[in-house]
2 protein chains.
Amino acid sequence: MDDSPIKFELIHIDRYTGARRGRIVTKHGTIETPVFMPVGTNATVKTLTNSLLNDINTEIILANAFHLYLRPGLEVLEHFQGLHNFMNWEKPILTDSGGFQVFSLPNTRLTDEKVIFKSPLDGSQIELTPEKSLDIQKVIGSDIAMVLDVCINSLSGYDAVKDSVQKTFNWALRSKRYHNSNGQALFGIVQGGLFEDLRNLSLSQITSLDFDGYALGGLAVGEKYQDSEKILKAFGNKLPENKPRYIMGIGSPTMMFLSVENGLDMFDCVLPTRMGRHGTALTWKGKLNLKSSEVKFDQKPIDEKCDCYTCKNHSRGYIHHLFKKDEVLGKILLSIHNLRFNISLVEKMREAIENDEFKFFKDEFFSSSTYSLTN
Amino acid sequence: MDDSPIKFELIHIDRYTGARRGRIVTKHGTIETPVFMPVGTNATVKTLTNSLLNDINTEIILANAFHLYLRPGLEVLEHFQGLHNFMNWEKPILTDSGGFQVFSLPNTRLTDEKVIFKSPLDGSQIELTPEKSLDIQKVIGSDIAMVLDVCINSLSGYDAVKDSVQKTFNWALRSKRYHNSNGQALFGIVQGGLFEDLRNLSLSQITSLDFDGYALGGLAVGEKYQDSEKILKAFGNKLPENKPRYIMGIGSPTMMFLSVENGLDMFDCVLPTRMGRHGTALTWKGKLNLKSSEVKFDQKPIDEKCDCYTCKNHSRGYIHHLFKKDEVLGKILLSIHNLRFNISLVEKMREAIENDEFKFFKDEFFSSSTYSLTN
């Protein structure tokens, strides 16, 4: 009997690619896959109300355990009985373990037991262990928690990556033993950098532990497209078929297509909101710079094919003006649009997969837009 | 026959005060008075979508002719056929003439004919005449335009104020002659600083010109409460009874009560949105600092009596967190709340006036809150 706190249903596999159509049932609702998860680092998807997030059909958001641990802090989250209540978000939440953030800090020190770093808030020394990361995620009350992994630079040498794979496995073991599900799913993370034998090793180690889902970590962290492509092609479909497969930090159309066609189901990225705040729109024809004076008089919506609030109500010229005046509404309107773009892209992918037309859909997407197939 | 592009209906005068309940019909919809007009300086009420503005029952917004003239500029506004289309705002818009902004700039030079100043954008010399201000407002396409007046410091000496009253009258005359209504109402502005005889002079001069409505200008610009009170008590109800009466730059609860009880119908102010962006909420009990650590664990809404999106969905503690992390959503949520507070305040004033209970409502408001009656 499967006693996982989430249920994964594999609905269909595209006949000509590895693309999968699935469904994850959580106690906060059902997620259709492939799914794009907007990032709500600090208990808010930047610039958007929950109401707007619901309007664009957001199914799940990702929150950062590390940031929430620093602020508002566990005492507050405990008092509010978790993040769902705190931010009044009723749908599923996935939390990362904090590993990626901690390893991005300067002067991080790693031992076999834990990672030691300085608080970016007050410089005090903090230690993070696999167990502590789970404690934090338990207080947050996410539907899906991630194990603490050792996330090193993907361009690191063989020995360093091998060491990180071993530590990642040891920590995954500790996490698996420590985790008391109580309604919260736990995903393992496969590391191994760009070395196929180490990826193989990590894959067999991590999948031996029977997690509720599996992630590919340590990709999309600065390596070349061709390198991520090689790993995704080799390992995407080696992850267990009966569990959700998540690739962390992916959000460009190019990487989303690559990930889905190689059997991945879930991805998250700050790209749509970050680009939006900086004035760039994602459209079905390619990227559009709303700060450019070329759109000053443009009465068309950002994207005529888009069904978002922004495209239904506002012109490129108006949004151009808002960015020229540095008005917050410009950032809001573009964040709405860009998130809706990513979400409608996975919605269309789902439909294509169901009809065994994923390859056709991908070809059409790239031939009718200026997005690059390879970056 | 009244050929004004707007119709003003005086519905009821409170039996015990000068408070009026009225209605202004424009081609973009009906405004119930007393009315609070959110300020949309740059073609956006800062941080809010039109949808949110509609949700809080915004009936009319104010836009700044001067700012819109600088950016996006008349060429863009003309291309978009006016501000309503440009920002997709379907309800009424009132534009100020630019006078207040121009006279706030350094090195402004005033002649009998015009005001000369340096563009804050590029330092180039710009001249503003009453006619040019109307041309700008015509391109903007507001429902209600304001004449260009001479707005000097309310603490200026007698001779300077007298001179400004005379110029204001000459410019009002020119405006009245030049204005080609074509669906756009034009309001005159009474100046005269804190001198009762000059206010009387300006009042008789301006009201002799049969504008579509009248404003009290040169108040709420830094003078003491007692001084504005004196002028409002003496002149509010001397403005023509059959036309809308507008007091510019008013938005605190104290000043709104004072204005309404002395017969004013319309006001605008950046106060609710500006306070909101800085972390202060207006509540029925008084001001509340959401940045204070006192509300860190507070699960209550900002105001339990409030029906806004923010109060229906979020706690003080959550908003505190957003401000601590400088997340835009905090500013958005507080702007929603504060505007709704001002708008629900005028809604309740309307009801009180209809029931001849304005004085009672005012007494109750100040006795159950920490707002000061005199500042």
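Tutor: In this predicted model, A220(B) lies in the loop that joins β12 (213-216) to α9 (225-235) of chain B.

Student: Why is A220(B) called partly exposed?

Tutor: Its relative accessibility is 35%. Buried requires under 20% and exposed requires over 50%, so A220(B), at 35%, counts as partly exposed.

Student: What makes M248(B), G249(B) and I250(B) count as residues that A220(B) touches?

Tutor: Contact means heavy atoms within 4.5 Å. A220(B) touches M248(B), G249(B) and I250(B) when residues up to four places away in sequence are not counted.

Student: How do you know that the buried residues of α15(A) line one face of the helix?

Tutor: In helix α15 (residues 358-367) of chain A, the residues F358(A), F361(A), K362(A), F365(A) and F366(A) are buried. Viewed down the axis of α15(A), these buried residues fall within an arc of 125°, and therefore they line one face. The face turned away from that buried side carries F360(A) and S367(A), which are exposed.

Student: What covers the buried residues of α15(A)?

Tutor: The cover includes α10 (253-261) and α14 (328-354) of chain A.

Student: Why are chains A and B described as related by a two-fold rotation axis?

Tutor: Chain A is superposed on chain B by a rotation of 180° with 0.0 Å of shift along the axis, at an RMSD of 0.0 Å. The two copies are thus related as by a two-fold rotation axis. In chain A, the C-alpha nearest that axis belongs to V328(A), at 4.0 Å.

Student: How do you know that the copies meet through the same surface?

Tutor: Of the interface residues of chain A, 100% are also interface residues in chain B, so the surface is the same.

How values were computed: Residues are numbered from 1 along each chain as its sequence is written. Chains are lettered from A and ligands numbered from 1 in the order in which they are written. This is a predicted model: local features need pLDDT of at least 70, side-chain atom pairs count only at pLDDT 80 or more; totals for chains, interfaces and linings use all residues. Side-chain values use heavy atoms; hydrogens and water are left out. Buried means under 20% relative accessible area, exposed over 50%, partly exposed in between (1.4 Å probe, protein chains only). Helices (H or I, at least four residues) and strands (E, at least two) are DSSP runs, numbered from the N terminus. The arc is that of the directions from the helix axis to the C-beta atoms. Copies are superposed by least squares on the C-alpha atoms of residues with pLDDT of at least 70 in both.
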